[in-house]
Amino acid sequence: MKEKTIDYVLRTTWLAVQKMYNEEAAKFDATMAIAFTLLSIDPVDGTPSTALGPKMGMEATSLSRILKTMEERGVIERRPNPQDGRGVLIHLTEFGREKREYSRQRVLTFNNTIREQVSEEKMNHFYEVAEVINEMISNKKIYNQKEDILK
(Lines give C-alpha, C1' and ligand atoms only; values in the text may rest on other atoms or scores of the structure.)
Protein backbone atom coordinates (compact mmCIF):
# COMPACT_ATOMS: atom_id res chain seq x y z
CA MET A 1 0.00 0.00 0.00
CA LYS A 2 1.22 3.49 -0.85
CA GLU A 3 1.97 5.80 2.05
CA LYS A 4 -0.61 8.56 2.36
CA THR A 5 0.63 12.13 2.54
CA ILE A 6 -0.17 14.29 5.56
CA ASP A 7 -2.22 16.73 3.50
CA TYR A 8 -4.22 13.85 1.99
CA VAL A 9 -5.14 12.52 5.46
CA LEU A 10 -6.02 16.02 6.69
CA ARG A 11 -8.11 16.81 3.61
CA THR A 12 -10.05 13.54 3.46
CA THR A 13 -10.68 13.55 7.20
CA TRP A 14 -11.91 17.14 7.14
CA LEU A 15 -14.15 16.42 4.15
CA ALA A 16 -15.69 13.48 6.03
CA VAL A 17 -16.28 15.65 9.12
CA GLN A 18 -17.74 18.42 6.96
CA LYS A 19 -20.07 15.98 5.21
CA MET A 20 -21.20 14.53 8.54
CA TYR A 21 -21.94 17.99 9.98
CA ASN A 22 -23.73 19.11 6.80
CA GLU A 23 -25.91 15.97 6.83
CA GLU A 24 -26.79 16.66 10.47
CA ALA A 25 -27.45 20.37 9.80
CA ALA A 26 -29.62 19.55 6.77
CA LYS A 27 -32.09 17.81 9.08
CA PHE A 28 -32.81 21.30 10.43
CA ASP A 29 -32.63 23.26 7.18
CA ALA A 30 -29.14 24.57 7.93
CA THR A 31 -25.53 24.06 6.87
CA MET A 32 -22.28 23.49 8.70
CA ALA A 33 -21.25 27.05 7.79
CA ILE A 34 -24.35 28.45 9.47
CA ALA A 35 -23.78 26.29 12.57
CA PHE A 36 -20.12 27.37 12.75
CA THR A 37 -21.20 31.00 12.49
CA LEU A 38 -23.79 30.54 15.25
CA LEU A 39 -21.07 29.11 17.49
CA SER A 40 -18.79 32.06 16.72
CA ILE A 41 -21.30 34.72 17.80
CA ASP A 42 -21.28 35.75 21.46
CA PRO A 43 -24.75 34.65 22.65
CA VAL A 44 -25.00 37.45 25.25
CA ASP A 45 -23.23 40.53 23.88
CA GLY A 46 -23.25 39.81 20.16
CA THR A 47 -20.14 40.02 17.99
CA PRO A 48 -18.91 42.85 15.76
CA SER A 49 -19.48 41.86 12.14
CA THR A 50 -15.87 42.85 11.32
CA ALA A 51 -14.54 40.42 13.97
CA LEU A 52 -16.46 37.38 12.72
CA GLY A 53 -14.48 36.79 9.50
CA PRO A 54 -11.04 36.70 11.15
CA LYS A 55 -12.43 34.71 14.09
CA MET A 56 -13.73 32.06 11.69
CA GLY A 57 -10.87 32.24 9.18
CA MET A 58 -13.31 33.27 6.45
CA GLU A 59 -13.31 35.79 3.65
CA ALA A 60 -15.70 38.72 4.04
CA THR A 61 -17.68 37.92 0.88
CA SER A 62 -18.43 34.35 1.95
CA LEU A 63 -19.36 35.51 5.43
CA SER A 64 -21.65 38.22 4.03
CA ARG A 65 -23.66 35.60 2.12
CA ILE A 66 -23.96 33.41 5.21
CA LEU A 67 -25.04 36.34 7.40
CA LYS A 68 -27.64 37.40 4.83
CA THR A 69 -29.08 33.87 4.79
CA MET A 70 -29.05 33.70 8.58
CA GLU A 71 -30.83 37.03 8.84
CA GLU A 72 -33.48 35.88 6.32
CA ARG A 73 -34.02 32.72 8.40
CA GLY A 74 -34.43 34.76 11.57
CA VAL A 75 -31.49 33.39 13.54
CA ILE A 76 -29.55 36.67 13.74
CA GLU A 77 -30.22 40.37 13.74
CA ARG A 78 -27.89 43.27 13.11
CA ARG A 79 -27.78 46.09 15.65
CA PRO A 80 -25.70 49.27 15.76
CA ASN A 81 -22.59 48.95 17.91
CA PRO A 82 -23.05 51.29 20.91
CA GLN A 83 -19.23 51.55 21.30
CA ASP A 84 -18.67 52.41 17.63
CA GLY A 85 -21.44 54.19 15.74
CA ARG A 86 -20.02 53.02 12.41
CA GLY A 87 -19.99 49.34 13.37
CA VAL A 88 -22.64 46.65 13.53
CA LEU A 89 -23.06 43.92 16.12
CA ILE A 90 -24.44 40.56 15.10
CA HIS A 91 -26.85 39.25 17.75
CA LEU A 92 -28.60 35.91 17.96
CA THR A 93 -32.37 35.93 18.07
CA GLU A 94 -34.15 33.59 20.48
CA PHE A 95 -34.50 31.16 17.57
CA GLY A 96 -30.78 31.63 16.84
CA ARG A 97 -29.86 30.80 20.44
CA GLU A 98 -31.87 27.58 20.14
CA LYS A 99 -30.07 26.68 16.90
CA ARG A 100 -26.72 27.61 18.50
CA GLU A 101 -27.36 25.29 21.43
CA TYR A 102 -28.32 22.50 19.06
CA SER A 103 -25.09 23.07 17.08
CA ARG A 104 -23.07 23.16 20.29
CA GLN A 105 -24.53 19.82 21.38
CA ARG A 106 -23.65 18.25 18.02
CA VAL A 107 -20.03 19.42 18.31
CA LEU A 108 -19.80 18.11 21.88
CA THR A 109 -21.28 14.76 20.81
CA PHE A 110 -18.66 14.46 18.06
CA ASN A 111 -15.83 15.40 20.43
CA ASN A 112 -16.97 13.09 23.23
CA THR A 113 -17.49 10.16 20.86
CA ILE A 114 -13.98 10.53 19.43
CA ARG A 115 -12.46 10.94 22.91
CA GLU A 116 -14.16 7.69 23.99
CA GLN A 117 -12.36 5.86 21.18
CA VAL A 118 -8.93 7.54 21.32
CA SER A 119 -6.63 7.59 24.32
CA GLU A 120 -5.74 10.89 25.98
CA GLU A 121 -2.11 10.37 24.98
CA LYS A 122 -3.03 9.98 21.30
CA MET A 123 -5.31 13.04 21.48
CA ASN A 124 -2.47 15.07 22.96
CA HIS A 125 -0.19 13.95 20.10
CA PHE A 126 -2.89 14.87 17.58
CA TYR A 127 -3.14 18.38 19.02
CA GLU A 128 0.65 18.73 19.15
CA VAL A 129 1.01 17.75 15.50
CA ALA A 130 -1.79 20.11 14.45
CA GLU A 131 -0.12 22.93 16.41
CA VAL A 132 3.23 22.27 14.71
CA ILE A 133 1.60 22.27 11.27
CA ASN A 134 -0.26 25.53 11.98
CA GLU A 135 2.84 27.18 13.41
CA MET A 136 4.99 26.16 10.44
CA ILE A 137 2.40 27.41 7.95
CA SER A 138 1.77 30.71 9.72
CA ASN A 139 5.51 31.38 10.01
CA LYS A 140 6.10 30.39 6.37
CA LYS A 141 8.52 27.63 7.35
CA ILE A 142 7.36 25.27 4.62
CA TYR A 143 7.52 27.43 1.54
CA ASN A 144 9.60 30.57 1.63
CA GLN A 145 7.73 33.05 -0.54
CA LYS A 146 10.88 34.95 -1.63
CA GLU A 147 12.74 31.79 -2.61
CA ASP A 148 9.77 30.47 -4.61
CA ILE A 149 9.52 33.72 -6.60
CA LEU A 150 13.21 33.62 -7.53
CA LYS A 151 13.09 30.06 -8.87
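Tutor: In this predicted model, isoleucine 76 stands opposite leucine 92 in β3. Isoleucine 76 belongs to strand β2, residues 76–81, which runs antiparallel to β3 and is joined to β3 by six bridges. A hairpin of two residues leads from β2 to β3. Strand β3, residues 84–92, also pairs with strand β1, residues 47–48; these two run antiparallel and share two bridges. Threonine 47 has isoleucine 90 as its bridge partner in β3.

Charged side chains may be considered next. In general, side chains of opposite charge can pair when their charged atoms come close. Arginine 79 and glutamate 77 form a salt bridge, with 2.5 Å from N to O. Arginine 79 is partly exposed, at 37% relative accessible area, and glutamate 77 is likewise partly exposed, at 31%.

Helix α4 covers residues 60–72. Within α4, glutamate 72 and lysine 68 are four residues apart, about one turn of the helix, and they form a salt bridge whose closest N and O atoms are 3.2 Å apart. Glutamate 72 has 58% relative accessibility and therefore counts as exposed.

Helix α4 also packs against helix α2, residues 32–40, at an angle of about 85 degrees, with the axes 10 Å apart. The two helices are therefore roughly perpendicular to each other. Ala33, Ile34, Thr37 and Leu38 of α2 meet Leu63, Ile66, Leu67, Thr69 and Met70 of α4 in this contact. Seven of the contact residues are nonpolar, two are polar and none is charged.

Methods
Residues numbered from 1 in each chain as written. Predicted model: local features only at pLDDT ≥ 70, side-chain atom pairs only at ≥ 80, totals over all residues. Heavy atoms only, no water. Axes fitted to C-alpha atoms, helices over the stretch in contact; angles between N-to-C directions. Parallel < 35°, antiparallel > 145°, perpendicular 65-115°, else oblique. Contact = heavy atoms within 4.5 Å. Nonpolar A, V, L, I, M, F, W, Y, C, P; charged D, E, K, R; others polar. Pairing = 2+ DSSP bridges. Salt bridge = Lys/Arg side-chain N within 4 Å of Asp/Glu carboxyl O. Buried < 20%, exposed > 50% of the residue type's maximum accessible area, 1.4 Å probe, protein only.
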